[in-house]
Amino acid sequence: MMDRRRFLQTSAVAASLASQGQLEAQPMWGGPVLDIHLHFRPGADANFEHMQGCGVTKAVLLTRSVDEEKTKVAIASHPDSYVRFAAADVTKPEGLVALRKSIAGGAIGFGEIKYHLAVNSAEMQRLYDLAAELNVPVLIHFADVPQFEGEGTFTSPFSGLPAMLKAHPKTKFIGHADGFWANISADFANDTPYPTGKVKPGGLTDKMLSDYPNLYGDLSANSGRNAMTRDPEFIRGFLARHQNKLMFGCDCSCTDGKGKNQGSKQPALLGKCVARETLTALKQVTTPEIFRKLTWTNGNQLLNIKS
Ligand SMILES: [Zn+2]
Ligand SMILES: [Zn+2]
């Protein structure tokens, strides 16, 4: 048993460390974490509050070109914690002009790009070309299955993506959302956004990540979380195969990084923080070395972030 004097000394040291903020600085996930998918929240500290609550060190804020000024104010409040992507309405020619301007103003990627456009439409192909010209990645929402009646599809069909990866070899595509993650399984029948159960090897996403050096993957949202948990045995191998091309992101709507005000209606996420759920799942299905790559190294490298 610890004697009383030593106990008091230890407690005093702990209390003093805590008051200096050193204990809180202990990383929650064993090291720094980069979140590549945090939708910009207005208010200087709203983004930061989420990051602090779930142990994220740095975030890619997904902003809109029209919010450029608001975004700059928020970033200035914690300049070391943020980088940003920009999105604009790519269905209109002005959209590309605005995107070009955002990159000149300090954005380092395009995203989130989520439109009811064909993956091979002229509009999307102009965007892929601009991304290549400016040498910035483009983060795209893929969905062939509407989540509710009338929602429509986004950047579809997913089966058309290989032709685009081939036609635009200098464009760095970051795949995200239901379509991207459902297609890790070869038997996906285009019938549900979040398929569960065993994965059949040979899925389109798995193949494309192997075949095309210009395709990367974003682990965010319920789609990413679901893919990490549905078949642990398969996903362990998948993460090992693509360990240099996948990046953690949250796409969470909770306000405090602990699940408060979670907007998702998905049963697995009720009252929970997507960042915490996905990071916890990742820890369970991969090695500490690969976990580091997925949660920090890969994103910093791809986005050329000087941390
Ligand atoms: Zn999305
Ligand atoms: Zn959250």
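User: Leaving aside its neighbours within four places in sequence, which residues is Phe248 in contact with?

Analyst: This is a predicted model, and in it Phe248 touches Val33, Leu34, Asp35, Ile36, Leu219, Thr278, Leu279, Leu282, Leu294 and Thr295. A contact here needs C-beta atoms within 7 Å, so each of those residues meets that cut-off with Phe248. Phe248 is also among the residues with the most contacts inside the largest nonpolar core, alongside Phe110, Leu127 and Val138. That core has 80 residues.

User: What makes strand S7 covered on both faces?

Analyst: Look at residues 215–218 one side at a time. Leu215 and Gly217 sit on one side, Tyr216 and Asp218 on the other, and all of them are buried. Buried takes 20 or more other C-beta atoms within 10 Å, so each of the four reaches that count.

User: How do you know that S7 pairs with S6 and with S8?

Analyst: Pairing calls for at least two bridges. S6 (residues 173–176) and S7 have 3, running parallel, with Ile174 partnered by Tyr216. S7 and S8 (residues 246–247) have 2, also parallel, and there Asp218 stands opposite Met247. Both pairs therefore qualify.

User: Why are the buried residues of helix H3 said to be on the same side?

Analyst: The buried ones in H3 (residues 68–77) are Thr71, Ala74 and Ile75. They span an arc of only 100° around the axis, so they share one side of H3. That buried set packs against helix H2, strand S2 and strand S3. On the other side, Glu69, Val73 and Ala76 are exposed.

Definitions and conventions. Residues are numbered from 1 along each chain as its sequence is written. Chains are lettered from A and ligands numbered from 1 in the order in which they are written. This is a predicted model: local features need pLDDT of at least 70, side-chain atom pairs count only at pLDDT 80 or more; totals for chains, interfaces and linings use all residues. A residue is buried if 20 or more other C-beta atoms lie within 10 Å of its own, exposed if 12 or fewer, and partly exposed in between; C-beta atoms are placed from the backbone. A nonpolar core is a set of buried Ala, Val, Leu, Ile, Met, Phe, Trp, Tyr and Cys residues joined through C-beta atoms within 7 Å. Two residues are in contact if their C-beta atoms, placed from the backbone, lie within 7 Å. The arc is that of the directions from the helix axis to the C-beta atoms.
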